[in-house]
Amino acid sequence: MANVTMTINGKQVSGEVESRTLLVEFLRDQQRLTGTHVGCDTSQCGACVVHVNGDSAKSCTMLAVQADGADVTTIEGLANGDDLHPMQAAFRENHGLQCGFCTPGMIMSAIDLVKNNADPSETEIREWLEGNICRCTGYHNIVKSIKAGAEAMRG
Amino acid sequence: MTEQGIGASVLRKEDFRFVRGRGKYTDDINLLNQTHAIIVRSPHAHATINSIDKAAALAAPGVVAVLTAEDFAAFGGLPCGWQVIGKGEEPMIEPKHPILAEGKVRHVGDPVAVVIAETKTQARDAAELVDIDYTELPAVIDMREALQNAPAAVHDEAADNQCFDWEIGDRAAVDAAFEKAHHVTTLELINNRLVPNAMEPRCAIGDYDNASGEHTLYTTSQNPHVIRLLMGAFVLQIPEHKLRIYAPDVGGGFGSKIYHYAEEAIMTVAAKVLERPVKWTSDRTEAFLSDAHARDHITKVELALDADGKFLALREFTLANMGAYLSTFAPSIPTYLHATLLAGQYTTPVIYAEVKAAFTNTVPVDAYRGAGRPEATYLLERIVDKAAAEMGIDRIELRRKNFIQPDQFPYDTPVALTYDTGDFEATLAPALAASKWDSFEERRKEAAQRGKLRGIGISCYIEACGIAPSNIAGALGARAGLYESATVRVNPTGSIQVLTGSHSHGQGHETSFAQIVADKLGVDIGSIEIVHGDTNKIPFGMGTYGSRSMAVGGVALSNATDKIINKATKIAAHLMEASAEDVVFEDGIFKVAGTDKAVPFGDVALTAYVPHNYPLEELEPGLEETSFYDPKNFTFPSGSHICEVEIDPATGELEIVAMHATDDFGNVINPMIVEGQVHGGLVQGIGQALFENAAYDSSGQLLSGSYMDYCMPRADDVPSFTVDHEVTACTHNVLGVKGCGEAGAIGSPPAVINAVVDALRDYGVTHIDMPATPAKIWNIVNQGATAQAAE
């Protein structure tokens with residue numbers, strides 16, 4: 001067992017983990033941050049995407065001990081109370097989600113895209129989403145949401 | 001139409017929790033003192049279990065129990081909910097589907113043992129230590145092989161591996177029509193096996209309260225009452241008042257979460273045995289091996305035409321794979337949900353279908369988005385294109401020539417259905433215009449100049465959904481009713497709870513169902529809460545599948561709301577000292593016509609619960625009404641889907657350059673949600689046509705058993721779509737709605753494949769089996785191979 005300490009959504013937390021414990025298990029099972037989802041076991045679906053030190057990362061593909069000392073943001077850390085992050089608002093306003101299961105990963109991934117590319121084209125958005133699978137929306141409204149979210153983030 | 005009423009694109013109420021990660025899915029629930037289960041599954045497709053040694057697993061850290069079939073000996077097998085009667089009144093063969101394998105395993109992934117431990121990792125570690133001694137048996141994987149040579153029997157009860165041999169239609173009349181035909185087109189095709197792949201893996205948590213004797217099962221289900229009925233009455237013999245099924249937020253279903261699965265019964269039993277909650281969450285690999293698969297037909301279809309291209313007759317011979325056991329609704333899919341749609345949009349006077357269902361050592365196959373109708377639409381829209389090419393008739397003109405005309409409705413097809421309404425030209429014409437069909441040849445030429453092969457394809461579909469009516473379904477073998485329920489509970493201060501038997505797992509009921517009530521009662525949508533998924537709260541309901549939520553559940557809700565208005569009108573009349581006949585209800589206010597007397601809905605609600613001035617001798621207090629609605633007929637959405645593709649002959653790579661859908665769903669409650677349903681369906685259909693395939697090797701190992709191997713459509717595989725709709729209102733429900741959930745997946749596969757065949761026409765291609773992968777296309781283009789040889 002190892003002790004890890006990290007900042008999650010602005011709050012410092014510590015916990016005992018096995019060396020094999022995944023970051024997503026630490027988030028979901030120990031921190032009860034269940035907004036980060038697990039949709040596969042081969043690092044393909046992207047439902048578990050969080051931000052680690054500001055960059056998107058698949059929390060199913062990272063050990064909790066690797067995040068020791070890191071600054072982690074999950075979907076729960078984006079909104080300020082009822083005040084949604086522009087990307088969250090854009091997904092809601094553009095019907096960018098149906099069952100909602102892939103949505104946290106999609107939003108976290110989209111924010112990282114816009115951080116690096118403030119005005120992504122449809123092609124760039126679609127290529128960026130290669131690591132996020134959605135089975136409900138056919139991606140049409142996700143692409144539309146990210147376009148709108150990027151515009152809102154540009155302000 | 002108001003901003004929040006019927007017909008408005010109201011933003012979804014549920015999204016405010018989902019975008020913040022505040023949804024509550026089953027795996028997000030953790031109970032006090034909970035244990036964790038891992039299922040030990042068969043690595044073999046077919047084997048005898050000689051022995052199971054639990055000792056090492058039981059001795060492992062944290063393990064509290066290891067259960068095998070003998071622990072479930074007191075219980076029944078998993079029931080099948082639909083009995084098909086074959087030729088000569090022969091009922092289908094229905095072998096036992098045990099909760100855990102009894103002496104034999106019949107597919108890779110068949111559950112054999114359950115390890116329960118304090119933590120999931122302890123359970124997983126210990127699962128490795130369960131020592132099972134198997135003797136492998138020959139595996140039956142290929143359906144043709146299973147039925148023709150029967151190298152082994154999957155079940156002793158079916159030595160020839162045949163579950164049923166079923167037919168529909170007048171074979172003699174069809175054969176006679178073929179004798180006289182000017183032209184006969186023949187097509188052999190495969191409808192590829194798929195894995196539904198809802199993004200949320202299945203999960204079940206069993207809990208037992210030994211004080212009250214009540215079981216609770218938290219589960220990823222599309223229909224909690226169906227699970228309560230099947231598991232309570234048929235498997236575990238738990239009386240329904242002691243069994244609560246709760247399906248909270250569910251992350252997609254597409255059919256795969258209709259069925260009663262073994263894990264639900266296992267967790268329910270284990271929780272009582274251990275007197276502790278037991279949780280199981282599937283991982284994706286496990287989902288590939290244990291969620292019901294889909295489609296998997298091998299078909300020969302023939303179309304007879306006269307010299308003008310009028311369809312004279314259609315006949316189909318299909319082999320349908322049931323997998324190793326009969327899943328809940330499996331037998332109904334290739335029969336009553338498939339062959340009854342073979343008329344399509346056309347006036348084909350006689351039709352015959354023969355469907356033979358086979359047991360194989362593969363995962364059970366059941367309904368998946370469209371369920372039988374995609375298979376019918378695919379073979380029909382493919383053979384129409386092939387016939388057009390063979391006869392030198394324009395493929396649009398051939399379709400138009402055979403359309404059922406608007407004045408022919410209600411239209412009795414030769415395969416048991418009566419279409420109540422439709423207008424196929426009304427969806428064809430705008431689809432052709434939107435996709436610039438007429439100028440396509442210019443785009444083909446332009447692409448050719450760039451060295452690309454461009455093709456366009458169309459599919460004109462009709463489907464039957466809004467699954468019900470109960471009496472017809474019952475006559476066809478359904479072992480359950482197919483109505484839907486709704487309760488409207490008006491609270492004393494005027495807020496409203498709607499308790500619905502429908503279940504939302506992405507469809508947006510919390511919004512669209514609230515729109516119906518808001519529209520009818522004139523109250524703010526924010527004061528309406530939709531409650532679903534919990535059998536301890538909602539009236540008995542049949543749940544969500546077969547695009548039935550709005551057409552059955554929505555109508556039940558509309559009817560219950562009408563009952564509220566009826567009673568509230570009487571209360572309002574009393575308050576205004578008027579006759580109920582003189583009271584009108586508009587925009588949430590009751591008025592006496594021709595006077596200035598008025599009382600708002602909220603005052604009436606309060607009066608119903610504080611009945612100080614109330615006609616108690618005539619009317620009970622309270623304002624809560626329930627309706628159970630059983631439709632008179634299926635609903636029949638229809639439409640035209642058009643796909644345009646471009647192929648790079650050097651690589652076989654294919655790009656969908658445009659895709660358009662014009663659908664007729666009848667009246668639309670929330671156009672934004674309906675368009676979203678179409679988008680999602682289109683991509684699942686494109687997935688089947690171009691990417692997805694559940695491939696088994698000859699030993700029964702699933703080769704495409706992960707997202708590394710099973711090609712799920714990604715965002716960069718598909719385009720943005722254009723979608724519109726035309727309306728012919730359903731004639732037999734008060735909302736005039738038809739259902740939109742499955743249409744995208746039904747109409748799109750033949751549109752895509754017709755486009756691919758069109759692009760490859762200069763290579764002599766008349767058919768290509770799904771999925772039309774770059775490798776298949778490259779082989780055709782570069783090796784002059786036929787599509788079949790490229791298989």
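Why is α17(B) largely enclosed by the rest of the structure? Of the 21 residues of α17(B), 18 are buried, so the helix is largely enclosed. Buried residues have 20 or more other C-beta atoms, placed from the backbone, within 10 Å of their own; exposed ones have 12 or fewer, and partly exposed ones fall in between. The model is predicted: local features need pLDDT of at least 70, side-chain atom pairs count only at pLDDT 80 or more, and totals for chains, interfaces and linings use all residues. Residues are numbered from 1 along each chain as its sequence is written, while chains are lettered from A and ligands numbered from 1 in the order in which they are written.

Helix α17 of chain B covers residues 671-691. Its first and last C-alpha atoms lie 29 Å apart, close to the expected 30 Å (1.5 Å times one less than the number of residues). Helices are DSSP runs of H or I with at least four residues; strands are runs of E with at least two; both are numbered from the N terminus.

Chain A contributes 45 residues to its contact with chain B, and chain B contributes 44 (contact: C-beta atoms, placed from the backbone, within 7 Å). On chain A, α2 (86-93), α3 (103-116), α4 (122-128) and α5 (140-154) each supply at least two residues of this side.

Chain A is assigned domain 1 (2-76) and domain 2 (86-154), with bounds from an automatic or database assignment. Their C-alpha centres lie 21 Å apart. Domain 1 of chain A gives 15 residues to the contact between them, and domain 2 of chain A gives 11. On the domain 1 side, β3(A) supplies the largest share, 3 residues.

Methods: Two residues are in contact if their C-beta atoms, placed from the backbone, lie within 7 Å.
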